[in-house]
Every structure is written in C-alpha cells, then in structure tokens.
Amino acid sequence: MKVLIIGAHGKVGQIITKKMVESNDFEPTAFFRKEEQKSVFEKIGTNTVVASLESDIDSLAETIKGYDAVVFAAGSGGKTGDDKTLEIDLDGAVKSMDAAKKVGVNRFVIVSAIGADDRKIWNQFGIKPYYIAKHYADRLLISSGLDYTIVRPGALLDEPETGKITTTNPMDNKSVPRADVAQLILEALRNKSTICKIIEFNQGDIPIAEAI
Ligand code: NAP
C-alpha cells in the first residue's frame with residue numbers, strides 16, 4: 001500500500017515511517033516541510049516530498065495524487081499560538097481531506113486526540129483551541145465521504161513500544177507511547193473494519209491487532 005505520511009518529521013510520523021519501511025506491505029512517502037529535514041528520511045530509507053500544509057488545496061492535491069492512503073500526523077505543536085493550531089490542526093487537515101477527495105485518494109487516517117468530542121474536558125488542560133481544532137477536523141472528515149479512521153490517543157509518551165492498548169474506558173489510563181500509536185495506525189490501514197471508525201485508546205492490556 002502506497003501511503004503518504006503528512007507530518008512525517010514529527011515524533012509519531014517518524015515512527016510510522018520507520019515501521020512502514022520495515023514492513024512488507026507498505027510503501028511510505030514522508031511529507032515534511034523543510035529541505036534540511038531530508039537527511040532524517042535518507043537514513044530511514046524512504047521516498048520523500050517537501051511540501052507545506054500552508055499551501056493551497058490544488059498544490060496539496062498534486063502532492064497527494066497517486067497514493068492509496070493518507071496518514072495525517074501533523075500538528076502545530078504546543079509552542080505555537082492558537083492561530084497556528086487553527087491553521088495546521090484544523091485547516092491543514094481539512095485542506096488535506098479536500099485535496100485527497102479531489103484526486104480520488106479515499107483512505108484517510110488522522111491522528112486526533114482523546115476527548116475531542118467531549119466539551120466537558122476541553123477546559124481542563126488549558127488547550128481548548130486545540131480540542132476545538134481536533135473536534136471540527138474530525139467532524140469534517142466524518143462528513144467528507146472519505147474512508148476515514150480517526151485515531152484518538154491520550155497523552156503521548158516517548159517510551160518503548162508495549163504493543164498493547166485499551167479502547168474500553170480509555171480515559172481511565174492517561175497516556176500511550178507514540179510507538180504504540182504508530183503501530184495502531186499500521187494495523188488500522190491493514191484492517192478495513194476500521195473504516196468509518198473512531199478509535200479512542202490509551203496504553204492497556206490488549207494486543208493492538210486484537211483490540212482493533
Ligand atoms: P509533533 O512531533 O509536533 O509532529 C507534528 C509535525 O507536524 C511536525 O513534524 C511538524 O513539522 C509538522 N507540521 C507542522 N506544521 C506543518 C506544515 N505547515 N506543513 C507540514 N508539516 C507541518 O507531534 P507528535 O508528538 O508526533 O503528535 C502527532 C499528532 O498527535 C499531532 O496531531 C498531535 O496533536 C496529536 N496528539 C498529541 C498528543 C500529545 O500528548 N502531545 C496527544 C494526543 C494527540 P516540523 O517537524 O517541521 O515542526
């Protein structure tokens with residue numbers, strides 16, 4: 001499966017890219033925004049494309065054309081202002097969906113965040129605009145007609161992969177290693193039953209493929 005990973009230079013994006021390169025069934029292309037980031041992907045040994053989510057839908061469509069699936073793992077990060085959260089996490093995601101639709105790339109997996117549908121928790125962590133961006137990006141993906149999977153982890157950890165998650169009462173556990181999020185994305189792409197599904201999860205006791 002030829003997969004374009006948008007946000008491939010990010011922490012989750014790099015793990016997804018490596019895992020796909022090491023797999024037998026994925027052919028990843030890393031989408032990142034700076035020429036100087038290329039060396040990361042030369043080491044991983046994958047195809048690359050330098051592009052920005054700040055570009056228009058037509059340019060994004062040209063970039064997305066020809067893939068079997070898009071993984072959207074980008075985000076403006078915690079150090080930018082709310083304007084960038086809106087521009088990347090919301091509008092960047094929606095432009096990518098529109099672009100994918102335009103060129104007939106129907107499979108679209110997005111990394112969202114646990115709690116994105118629960119307005120009661122949006123005020124709890126001081127990042128309400130982030131939750132709003134995730135919520136409306138997800139809503140627009142659901143109504144886009146694309147074959148979506150929305151992946152909603154809790155707090156992300158740079159800890160070793162466990163291979164196990166929980167999707168039952170996932171808010172009871174607070175966090176999950178990024179490597180497990182990456183593995184879940186590969187499994188979601190392998191498993192068509194994840195199409196039109198939202199997967200809320202955190203670290204747990206169930207092997208990822210089984211949980212899916
Ligand atoms: P990350 O390391 O910050 O990666 C995000 C990537 O998006 C970065 O590589 C960044 O590029 C890229 N990006 C930003 N603006 C861009 C643009 N204009 N064009 C192209 N790429 C752009 O994030 P992560 O830790 O891997 O997280 C992945 C996803 O999980 C994010 O959507 C995040 O919101 C979500 N999430 C995070 C948490 C958490 O606890 N942190 C919890 C749940 C969900 P540069 O490398 O050039 O900056």
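A residue counts as buried when its relative accessible area is under 20%. In this predicted model, Ser76 has a relative accessibility of 15%, so Ser76 falls in the buried class. The side chain of Ser76 makes a polar contact of 3.0 Å with the side chain of Thr80. Leaving aside residues up to four places away in sequence, Ser76 also touches Lys84, Thr85, Ile88 and Asp89.

The aromatic side chains come next. Three aromatic pairs are found in the structure. In one of them, Phe125 and Tyr131 have ring centres 6.5 Å apart and planes at 45°, so this pair is classed as tilted. The angle explains the label, because planes under 30 degrees apart would count as stacked and planes over 60 degrees apart as edge-to-face.

Another ring has a charged neighbour. The charged end of Lys2 sits over the ring of Tyr67, at 5.8 Å from the ring centre.

Tyr130 leads on to the ligand. There are 26 residues around the ligand, and those that come nearest are His9, Gly10, Val12, Gln37 and Tyr130. For Gly10, a backbone N or O atom lies 2.8 Å from an oxygen atom of the ligand. Lys11 likewise contributes its backbone, with a polar atom 2.9 Å from a ligand oxygen. With Lys134 the side chain is involved: one of its polar atoms lies 2.9 Å from an oxygen atom of the ligand. Taken alone, the ligand exposes 930 Å², and the protein buries 82% of that area.

Conventions: Residues numbered from 1 in each chain as written. Predicted model: local features only at pLDDT ≥ 70, side-chain atom pairs only at ≥ 80, totals over all residues. Heavy atoms only, no water. Phe/Tyr/Trp six-rings, centres within 6.5 Å; stacked < 30°, edge-to-face > 60°. Lys NZ or Arg CZ within 6 Å of the ring centre and 35° of its normal. Buried < 20%, exposed > 50% of the residue type's maximum accessible area, 1.4 Å probe, protein only. Polar contact = N/O pair within 3.5 Å; in protein donor to acceptor, adjacent residues only side chain to side chain. Contact = heavy atoms within 4.5 Å. Near = heavy atom within 4 Å. Areas by Shrake-Rupley, 256 points an atom, 1.4 Å probe, with all protein chains shown as cover.
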